[in-house]
Amino acid sequence: MVLTIALGLCGVLFIMLQPARLLLKGPMGDFAGKIFSSMFFCLAGVAGAAQRERLNWQAAALLMGFCLACLGDVLLAIGPVLHDPARNKDYAFLMGAAPFFLAHVLNLAVLLSRGAFAPWLLPLLILLPVLYALLWRRKILDFGKLGVPLLVYALLLGALVWAAAQTVGLLRWLALPAACLLALSDTSLFLFNFGSKKEQERPASFSWLVFFPYYLAQTLMACAVAFV
């Protein structure tokens, strides 16, 4: 478990400190930093799986989820280095969001298989879609043509939190914070990308509200591989 945590935290430190920028300038430095950081949580997942006596379908699904998330990171990070990033922004965003969606579906299936149905937690399912819809209606968010897909994505995030809350034992202490951190990261990303007050340059808070919770969540999910 020590190796799993260490690898996961290396990913957190790598994305926050961005040492790749010392060798590569501009968008390519950010791109390289994102890729190496994502590789760390994939390795952390493998280290978590190595602690098991056998690899069941739940652990294998989480590992596949890490691979899909890494692919999503690559596709999202490649947007700024495209020849015409303004023209290809929405395309790159959708291409990157698709692997994340599939990764969350795998995580959801695993957590549902390890939880006990709790009807009083059902409001968690619609919490995020309702929040996004309200922000969209009040023009705090402007999803444009991506409104319906992003509301469906919000429903999946809510389902992930709901499923994690129904797990028991040590898995709950890992999965529930991870699901909440993923929801925080994606919600912050949407506010930065689709907020009514768009900024030309990302503020310093972007890394703390998007990258930090995301990579910390992946570290927790990598630890969960040993317990599903």
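At what angle do helix α7 (residues 169-194) and α8 pack, and how far apart are their axes?

**Figure 1. Overall fold of the predicted model.** This is a predicted model, in which local features need pLDDT of at least 70 and side-chain atom pairs count only at pLDDT 80 or more, while totals for chains, interfaces and linings use all residues. Residues are numbered from 1 along each chain as its sequence is written, and side-chain values use heavy atoms, with hydrogens and water left out. The protein has 8 helices and 0 strands (helices are DSSP runs of H or I with at least four residues, strands runs of E with at least two, numbered from the N terminus). Of its 228 residues, 48% are buried, meaning under 20% relative accessible area with a 1.4 Å probe, protein chains only.

**Figure 2. Packing of α7 and α8.** The two helices pack at about 155°, with their axes 8 Å apart (axes are lines fitted to C-alpha atoms over the stretch in contact, and angles run from 0 to 180 degrees between N-to-C directions). Helix α7 is therefore roughly antiparallel to α8, a term for angles over 145 degrees.

**Figure 3. Surroundings of Ala226.** Ala226 lies in the segment after α8 (205-224). Leaving aside residues up to four places away in sequence, Ala226 touches Met1, Gly48 and Arg52 (contact means heavy atoms within 4.5 Å). Ala226 and Arg52 are 174 residues apart in sequence, yet their C-alpha atoms are 5.9 Å apart in space.

Conventions:
Buried means under 20% relative accessible area, exposed over 50%, partly exposed in between (1.4 Å probe, protein chains only). Angles under 35 degrees count as roughly parallel, over 145 as roughly antiparallel, 65 to 115 as roughly perpendicular and the rest as oblique.
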